[in-house]
Amino acid sequence: MGTDLKQTKIGYYQNLDIELVTWDCTSAEVELSCACIFEHEMNDRSFSGGLAHLDEALNGRLNEIRKNNWFSAKLNDALLINQTPSTIQATKVLLIGMGAPEEFTLERIKTAIKTVVKTTHQLELKSVAFAPSILDTGLNPPSGLNEVMLQALKEELDRHHQLHLQNLVKKSEIERWVFDAGFQNYDAKAEQYRMSFSKIFYS
């Protein structure tokens with residue numbers, strides 16, 4: 001990504017650094033890179049942004065697996081790609097199905113975040129990046145999106161912590177959580193995330 005990478009610490013919670021970085025699913029330097037993907041893009045346009053980069057890095061196979069229904073991208077469908085080519089920085093990529101973009105709700109992104117946290121715990125990984133892919137699909141990000149994502153992250157971490165206290169699961173090993181972001185309005189987004197973090201994690 002070179003030197004023009006933008007990176008902001010959003011907050012720290014339970015041994016976990018939460019950051020905003022101008023990465024996408026392909027360039028995120030983490031163990032698990034996650035992208036939401038819808039059944040189709042708005043107005044039947046082709047992939048753009050991070051999803052286009054991911055499709056390119058996979059030699060067009062992202063489009064192919066969805067077209068052939070090998071990964072339908074229907075709501076709650078998930079695919080863990082654990083053989084990533086060298087064109088992708090992360091060792092594993094998790095695709096999370098979001099259903100039809102016309103039916104998108106904040107509740108769906110909340111579920112996606114929780115799926116990512118659970119998967120990261122199951123794989124016992126330390127670093128993860130999450131791309132909501134809303135803009136890439138042609139949707140306008142709804143207001144309160146980052147707040148909902150942070151809320152879902154906190155809820156799932158707390159739930160895992162309670163299970164750990166019951167001696168049922170290992171302590172969370174996640175040390176780094178990154179929200180992928182584009183360069184557009186980056187500083188404003190970073191400020192919003194910080195404010196949302198203070199509100200949710202310390203209110």
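**A note on the cavity and the cores**

1. A cavity here is a set of points, on a 1 Å grid over the protein atoms alone, where a 1.4 Å probe fits but cannot get out. The largest cavity has a volume of about 30 Å³, a volume being the space filled by probe spheres set on the points, with grid points joined across faces, edges and corners.

2. A word on the background: this is a predicted model, in which local features need pLDDT of at least 70, side-chain atom pairs count only at pLDDT 80 or more, and totals for chains, interfaces and linings use all residues. Residues are numbered from 1 along each chain as its sequence is written, and side-chain values use heavy atoms, leaving out hydrogens and water.

3. Which residues line the largest cavity? They are Leu 75, Asn 76, Ile 96, Gly 97, Met 98, Arg 108, Thr 111, Ala 112 and Thr 115, where lining means having an atom within 4 Å of a point. Helix 3 provides the largest share, 4 residues.

4. Now to the largest nonpolar core, which has 41 residues. Such a core is a set of buried (under 20% relative accessible area, 1.4 Å probe, protein chains only) Ala, Val, Leu, Ile, Met, Phe, Trp, Tyr and Cys residues joined through side-chain atoms within 4.5 Å. Among the members that touch the most others are Ile 18, Trp 177 and Phe 179.

5. Apart from this core lies another, of 23 residues, including Cys 25 and Ala 129.

Notes: Buried means under 20% relative accessible area, exposed over 50%, partly exposed in between (1.4 Å probe, protein chains only). On a 1 Å grid over the protein atoms alone, a cavity is a set of points where a 1.4 Å probe fits but cannot get out, and a pocket is an open set with protein on both sides within 12 Å along at least five of seven lines; lining residues have an atom within 4 Å of a point. Helices (H or I, at least four residues) and strands (E, at least two) are DSSP runs, numbered from the N terminus.
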